[in-house]
Amino acid sequence: MTERGEDIHRLFHDVQRGPSARPAVEFLRAVEASPSVLAYRTRLEAHLAPAAGETVLDVGCGAGHHAAALAAARVAADAPGPVVGIDRPRMLEEAEARHGGVVRWLPGTAEALPLEDDSVDAVYAERVLMYVDEAADAVAEIARVRRPGGRVALFELDYASMTLGGDPKTADAVLAVVCGTVGCDRMGRALGPLLTDAGVLVVDQTPYAMPIPPPVFASAVRAPVEQAVAEGRLDADRVAAWFAELAVPGAYPGSVTGVLACGR
């Protein structure tokens, strides 16, 4: 089983105060290379389907990998147009250093988007709402900046759906710790109601079963669990035995369900 990584949830929360955004960026690179992410992004991009000249917004763009790839794909498809990426300044520094000016990078938060009403044609957010304090406010902002009839695509993990291998009782105790690292551990299943409440017509909700690869397990599971052991919230011997179970060849480390909700 993989070694402990840095607690990714803490990294994202504290990215402005930390010494560097690099650990968060490297985590995003590892996640975005997985086949399950590529699968849901294919559906997400098909729903957004921006025509030439239309503006696309990436809320919580991170280091800008997806926004930059989308901008390049639009040019290749002879449908160029503005792509805007919004995130905190530290992440945008990384985005601009990697991708330059192919995307318009704007500092801001999901709960207070720095854009005018009815100013974008298509908007998406991936694995962002699970970290914000008020998801309903963020979705209301997305609805506010979207032009009437514009497309919306949101993808979120549903941590409460996570399945972990090894001893079931220990796995349940570990899951309780992991679910406590995010603002909402049922965000995937909440997307439809959130969009509906914001006045967006939900046209599709698709679940995706996502394996938990070693880099993600190290940062999203092992790190907060070992912190819980250090704080006395989990028994050290029990957790060590559980990690040993997962290190046996053929053991099932875990998976989680993500939900892609598309609206107009």
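**Entry 1**

I begin with a cut-off: buried means under 20% relative accessible area, exposed means over 50%, and partly exposed lies in between. I am working on a predicted model.

I looked up Asp 118. Its relative accessibility is 42%, so Asp 118 counts as partly exposed. I found Asp 118 in the loop between strand S3 (104-107) and strand S4 (120-126). I then read its backbone angle. Phi of Asp 118 is near 50 degrees, which is positive, and Asp 118 is not a glycine. I noted that a negative phi is the rule for most residues other than glycine.

I turned to Asp 78. Phi of Asp 78 is near 60 degrees, again a positive value in a residue other than glycine. Asp 78 sits in the loop between helix H4 (65-76) and strand S2 (83-87). Is Asp 78 buried or exposed? Its relative accessibility is 66%, so I wrote down exposed.

**Entry 1: Helix H9**

I moved on to helix H9, residues 214-230. Where is the kink in H9? I found it at Arg 222, shortly before the proline Pro 224. The kink is about 35 degrees. Arg 222 and Pro 224 are both on my list of buried residues in H9. That list also includes Val 216, Phe 217, Ser 219, Val 221 and Val 225. After H9 comes Gly 232, and its phi is positive, near 80 degrees.

I wanted the neighbours of H9. I kept in mind that two packed helices are described by the angle between their axes and the distance between the axes.

I took helix H2 (residues 22-32) and H9 as a pair. Their axes come within 9 Å and cross at roughly 135 degrees. That angle makes H2 oblique to H9. The crossing of H2 past H9 is left-handed. Which residues of H2 meet H9? I listed Phe 27, Ala 30 and Val 31. On the H9 side I listed Pro 215, Val 216 and Ser 219. By class, this contact has 5 nonpolar residues, 1 polar and no charged.

**Entry 2: H9 against H10**

Next I checked H9 and helix H10 (residues 236-247). They pack at about 160 degrees, with axes 10 Å apart. How is H9 set relative to H10? Over 145 degrees counts as roughly antiparallel, so H9 is roughly antiparallel to H10. H9 passes H10 in a left-handed crossing.

I wrote out the contact. From H9 come Phe 217, Val 221, Arg 222, Val 225, Glu 226 and Val 229. They meet Ala 236, Val 239, Trp 242, Phe 243 and Leu 246 in H10. I sorted this contact by class: 9 nonpolar, no polar and 2 charged residues. Arg 222, the site of the kink, is in this contact.

**Entry 3: Two valines in loops**

I looked up Val 103. It lies in the loop between helix H5 (89-99) and S3. Its relative accessibility is 3%, so Val 103 counts as buried. What does Val 103 touch, leaving out residues up to four places away in sequence? I found Ala 67, Ala 68, Ala 71, Val 83, Val 84 and Gly 85.

I ended with Val 132, in the loop between S4 and helix H6 (135-145). Val 132 is buried, because its relative accessible area is 14%. Not counting residues up to four places away in sequence, Val 132 touches Ala 110 and Glu 111.

Conventions:
Residues numbered from 1 in each chain as written. Predicted model: local features only at pLDDT ≥ 70, side-chain atom pairs only at ≥ 80, totals over all residues. Heavy atoms only, no water. Helix = DSSP H or I, 4+ residues; strand = E, 2+ residues; numbered from the N terminus. Buried < 20%, exposed > 50% of the residue type's maximum accessible area, 1.4 Å probe, protein only. Bend = angle between axes of the 7 residues up to and from the residue. Axes fitted to C-alpha atoms, helices over the stretch in contact; angles between N-to-C directions. Parallel < 35°, antiparallel > 145°, perpendicular 65-115°, else oblique. Left-handed = near helix turned anticlockwise from the far one by under 90°. Contact = heavy atoms within 4.5 Å. Nonpolar A, V, L, I, M, F, W, Y, C, P; charged D, E, K, R; others polar.
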